[in-house]
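Please keep the sequence and the model in view while reading.

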Amino acid sequence: MDRQYQALPILELGEGAGLRRPTQPQAGRVTLESPALAVMTDLSRVSPATIRAHAPLEGANQFMIQRGVRLLLVTDERDRVLGVITATDILGERAMQVATERGLRRGELTVADLMTPAALVETLPLAELQGARVGHVLETLRRAGRQHALVTDYDELPPQGPLGRPGRRVIVRGIFSLSQIARQLGLALQTGGEVARTFAEIESALG
């Protein structure tokens with residue numbers, strides 16, 4: 001090298017050091033007329049909570065508690081989304097039903113046994129949300145009877161070969177969470193996660 005570079009100072013990390021992770025700005029208060037994107041967890045700004053399909057079901061539940069979420073994206077080693085699993089899947093009756101059907105103990109189940117496969121996960125395209133309001137998102141979740149909705153966008157892919165055309169791949173860009181929307185609306189929900197009761201509380205509080 002022609003140019004002389006000086007070595008940078010080096011320090012010891014020491015004990016008790018923390019770890020910086022991507023953070024989305026503190027979610028602000030919204031109304032039903034606020035832009036829908038104001039209540040979306042943007043995965044370009046905050047790391048998603050993911051888990052492998054072979055992980056034990058109890059481990060998935062503990063991870064949700066640690067992260068303070070009720071939905072995990074199930075991914076493979078190449079970060080491809082294989083499906084989703086929710087707290088309702090894990091804590092509801094379906095876990096025991098699946099265990100009984102397969103002749104297993106509940107503790108032997110894995111995420112793969114209860115997750116909703118990607119092919120069956122319904123999503124909202126990001127392009128459809130540009131003019132949407134929080135009220136639109138709530139009504140969509142209410143009609144679907146769900147606590148969450150994934151938002152999809154596209155990644156541009158390079159051409160395959162010199163004569164190929166650029167392609168694109170669907171990506172999960174964001175997540176809508178009913179509990180987060182309620183918090184941003186200023187509501188303190190007391191339910192155990194039942195969708196119908198949650199919406200009843202929201203409608204009562206906003207009515």
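Strands β7 and β8 (residues 167–177) run antiparallel and are joined by 10 bridges. This is a predicted model.

β7 and β8 belong to an open sheet of 4 strands, ordered β1-β8-β7-β6, and its pairing is mixed. Its edges are β1 (40–42) and β6 (123–125). Each has a single partner strand, so one side of each lacks a neighbour in the sheet. From one strand to the next, the twist averages 40°.

How do β6 and β7 run, and how many bridges join them? They run parallel, with 3 bridges between β6 and strand β7 (residues 148–157). Two residues of β6 can be followed across to β7. Threonine 123 has leucine 150 as its bridge partner. Leucine 124 has valine 151.

**The other sheet**

Another open sheet has 4 strands in the order β2-β3-β4-β5, again with mixed pairing. Here the edge strands are β2 (50–51) and β5 (116–117), and each pairs on one side only. β2 pairs with strand β3 (residues 71–75) in the parallel sense, over 2 bridges. Across that pairing, threonine 50 stands opposite leucine 73 in β3.

Helix α1 (residues 57–67) lies across β2, β3 and β4 (81–86). The angle between α1 and β3 is about 130°.

| Strand pair | Sense | Bridges |
|---|---|---|
| β7 and β8 | antiparallel | 10 bridges |
| β6 and β7 | parallel | 3 bridges |
| β2 and β3 | parallel | 2 bridges |

Strands of a sheet pair through backbone hydrogen bonds, in either the parallel or the antiparallel sense.

**Helix α5**

Which residues of helix α5 (residues 134–144) are buried? They are Val134, Val137, Leu138 and Leu141. These residues cover an arc of only 100° around the axis, which puts them on the same side of α5. An α-helix has 3.6 residues a turn, so residues three or four places apart point the same way.

What covers the buried residues of α5? The cover includes strands β7 and β8, together with helices α6 (178–184) and α7 (195–206).

Just after α5 comes glycine 145, with a positive phi of about 65°.

Definitions and conventions:
Residues are numbered from 1 along each chain as its sequence is written. This is a predicted model: local features need pLDDT of at least 70, side-chain atom pairs count only at pLDDT 80 or more; totals for chains, interfaces and linings use all residues. Side-chain values use heavy atoms; hydrogens and water are left out. Two strands pair if DSSP finds at least two bridges between them. Axes are lines fitted to C-alpha atoms, for helices over the stretch in contact, and angles run from 0 to 180 degrees between N-to-C directions. Contact means heavy atoms within 4.5 Å. Buried means under 20% relative accessible area, exposed over 50%, partly exposed in between (1.4 Å probe, protein chains only). The arc is that of the directions from the helix axis to the C-beta atoms.
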